[in-house]
Amino acid sequence: MPSQTLPEELHEYRRQIDALDNQIVALLAQRFEIVRAVGQLKARENIPVVQGARVEEVKDRVAEMASRQNLDPQMVRDIYQRMIDHAHDLEDNFKSVGAKA
């Protein structure tokens, strides 16, 4: 396939996507900083890591926001499920460390 010069417009879209990716990663870092604090609190107060009602509340809330933004709500639910699973793993680590101390 011959080499093709890509339109500048595509490069501009990619720059915009890259800038948004930077913001998304920064927001994820902030979110997981708070998750770590939550994990420490749950370990200290002996609160169970998984709060099923809260998980569903968060996923329902973001799915509704996704719908209002013309995004696929299931895709957003799936992304949040992955983040929540990771948050639970981090919180479990705090519980494990606390139990050994």
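The accessible surface of the protein comes to about 7900 Å², and carbon and sulfur atoms account for 56% of that area. The model behind this value is predicted. Of the 101 residues, 19% count as buried, where buried means under 20% relative accessible area.

The overall dimensions come next. A compact globule of 101 residues would have a radius of gyration near 13 Å, whereas the protein has 19 Å. Along the principal axes, the C-alpha atoms fill a box of roughly 60 × 30 × 25 Å.

The secondary structure consists of three helices and zero strands, and reading along the sequence gives the pattern α-α-α. Contacts can be sorted by how far apart the partners lie in sequence. Among those between residues at least 6 apart, 65% join residues at least 24 apart.

In soluble globular proteins, nonpolar side chains tend to be buried together. Here the largest nonpolar core has five residues, namely Phe32, Val35, Met83, Ala87 and Leu90. Helix 1 (8–45) and helix 3 (73–100) are the elements that give two or more residues to this core. Helix 3 gives the most, with three residues.

Leaving aside neighbours within four places in sequence, Phe32 is in contact with Met83, His86, Ala87 and Leu90.

Note on methods: Residues numbered from 1 in each chain as written. Predicted model: local features only at pLDDT ≥ 70, side-chain atom pairs only at ≥ 80, totals over all residues. Heavy atoms only, no water. Helix = DSSP H or I, 4+ residues; strand = E, 2+ residues; numbered from the N terminus. Rg over C-alpha atoms; globule rule 2.2 N^0.38 Å. Buried < 20%, exposed > 50% of the residue type's maximum accessible area, 1.4 Å probe, protein only. Contact = heavy atoms within 4.5 Å. Areas by Shrake-Rupley, 256 points an atom, 1.4 Å probe, with all protein chains shown as cover. Core = buried A, V, L, I, M, F, W, Y, C linked by side-chain atoms within 4.5 Å.
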